[in-house]
Amino acid sequence: MFTTFRGGQSGGWTVTSITRVKGDTLPKVAALSVVASETIALPLLPSQTSWRLAGVASHLRYTEKAEKEKLAAAQAGLGRSEATHAALIPIRKSAAWWELPQDERRQIIEDKSHHISGTLKYLPAIARQLFHARDLDMAFDFLTWFEFAPEHVSLFDELVAMLRATEEWGYVEREVDVRVVREG
């Protein structure tokens, strides 16, 4: 199942900001639509879509069994009625990252950067889903979708600041932070 994020003139989420964190940004748009389907969703009206990013949810590649169990126990689901704020954060990592063997990437993600254990304290306030896009010939390797209630905006800002301060983030060559809201 693919999830397609389309930035354009209409969609279920109103875009409040698009911020270039590292590398090239995305064009400014008014709205974001999120479509889950068996194929990568095409624009309804190409003239009203500025960009389209797609990915697929997959197994947790760097997560050990105990970590997976902790995440499952703490993670909230997407689509909660109170979660009227969201962020789409597409990321592309450098060739140096992909040249590392899997076990070295795992060491950087968890042993050094605490990507999994460090983010547990933000759950269940912030729900998230990672979509893999590297093998889909997209401009980004990963698309992460976060949903949270308005009172957790500062908590989300703390989460992304923590992740951006890690060794792992040193391998990021492109990141854009797209913030959106929907009526509750």
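Predicted model: local features only at pLDDT ≥ 70, side-chain atom pairs only at ≥ 80, totals over all residues.
Local features need pLDDT of at least 70, side-chain atom pairs count only at pLDDT 80 or more, and totals for chains, interfaces and linings use all residues. Residues are numbered from 1 along each chain as its sequence is written, and side-chain values use heavy atoms, with hydrogens and water left out.

**Exercise 1.** Determine which residues a cis peptide bond joins, and locate P124.

Solution. Most peptide bonds are trans. The bond between L123 and P124 is cis, with omega of about 5°. P124 belongs to the loop between α3 (102–112) and β6 (127–132); helices (H or I, at least four residues) and strands (E, at least two) are DSSP runs, numbered from the N terminus.

**Exercise 2.** Explain why β7 is largely enclosed, and identify its partner strands.

Solution. Seven of the seven residues of β7 are buried, so β7 is largely enclosed by the rest of the structure. One side carries F142, T144, F146 and F148, and the other L143, W145 and E147. Strands pair if DSSP finds at least two bridges between them. Strand β5 (residues 85–93) pairs antiparallel with β7 over seven bridges, and L88 stands opposite W145. Strand β6 runs antiparallel to β7, joined by six bridges, and R128 stands opposite F146.

How values were computed:
Buried < 20%, exposed > 50% of the residue type's maximum accessible area, 1.4 Å probe, protein only.
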